[in-house]
Amino acid sequence: MLTDTKAFSGFSVDDIPKAKEFYGQVLGLRVTEEHGMLTLHIAGDRPTLVYPKGDQHVPASFTILNFPVDDIEKAVDDLTARGVTFERYAGFGVDDKGIFRGGGPLIAWFKDPAGNVLSVLELDD
């Protein structure tokens, strides 16, 4: 029944203008706005809906978006220069830049202004 639909994902934020600035200007994604909601155009222009929940917003307790990068060191440096702070979770040994090197892909987690967790990760080819 749903195999031919063009499904898309979405997540909530508490402040649409802050989200638009963060995703559009800080991360440099193409963002459109309609009906008080945002659409992030990522992954081959696949839409990801960002909708407001105001005071009812609860940040996701998991990584909602992963951004593969060719060079994690450069990505972390560039994002840090744009004001992004990388997370340091207890029990996860990360280096001084916030990059986890403990097995699997190199990964660094950060949050959007609404507290949702995102990551950049360097995948092996």
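Analyst: Buried means under 20% relative accessible area, exposed means over 50%, and partly exposed lies in between (1.4 Å probe, protein chains only). This is a predicted model, in which local features need pLDDT of at least 70 and side-chain atom pairs count only at pLDDT 80 or more, while totals for chains, interfaces and linings use all residues. Residues are numbered from 1 along each chain as its sequence is written, and side-chain values use heavy atoms, with hydrogens and water left out.

User: Which residue forms a salt bridge with E73?

Analyst: A salt bridge here is a side-chain nitrogen of Lys or Arg within 4 Å of a carboxyl oxygen of Asp or Glu. For E73, the closest N and O atoms of the pair are 2.9 Å apart, and the partner is K97. The pair links distant parts of the chain, 24 residues apart: E73 is in helix α2 (residues 72-81), and the loop between α2 and β6 (106-111) holds K97. Helices (H or I, at least four residues) and strands (E, at least two) are DSSP runs, numbered from the N terminus, and the residue you asked for is K97.

User: Which residues are linked with E73 and K97 in a network of salt bridges?

Analyst: Side chains of opposite charge can pair when their charged atoms come close. Joining E73 and K97 in the network are D77, D95 and R101.

User: What separates D78 and K74 in helix α2?

Analyst: Their side chains meet in a salt bridge at 2.8 Å, N to O. D78 is partly exposed at 36%, and K74 is partly exposed at 48%. The two are four residues apart in helix α2, so what separates them is about one helical turn.

User: How many salt bridges does a search of the whole structure find?

Analyst: One of them pairs D45 with R30, with the closest N and O atoms 3.0 Å apart. That pair links distant parts of the chain, 15 residues apart, with D45 in the loop between β3 and β4 and R30 in strand β2. Over the whole structure, the number of salt bridges is eight.

User: What is the phi of H35, about how many degrees?

Analyst: H35 sits in the loop between β2 (30-34) and β3 (37-42). With 70% relative accessibility, H35 counts as exposed. H35 is not a glycine, yet its phi is positive, at about 55 degrees.
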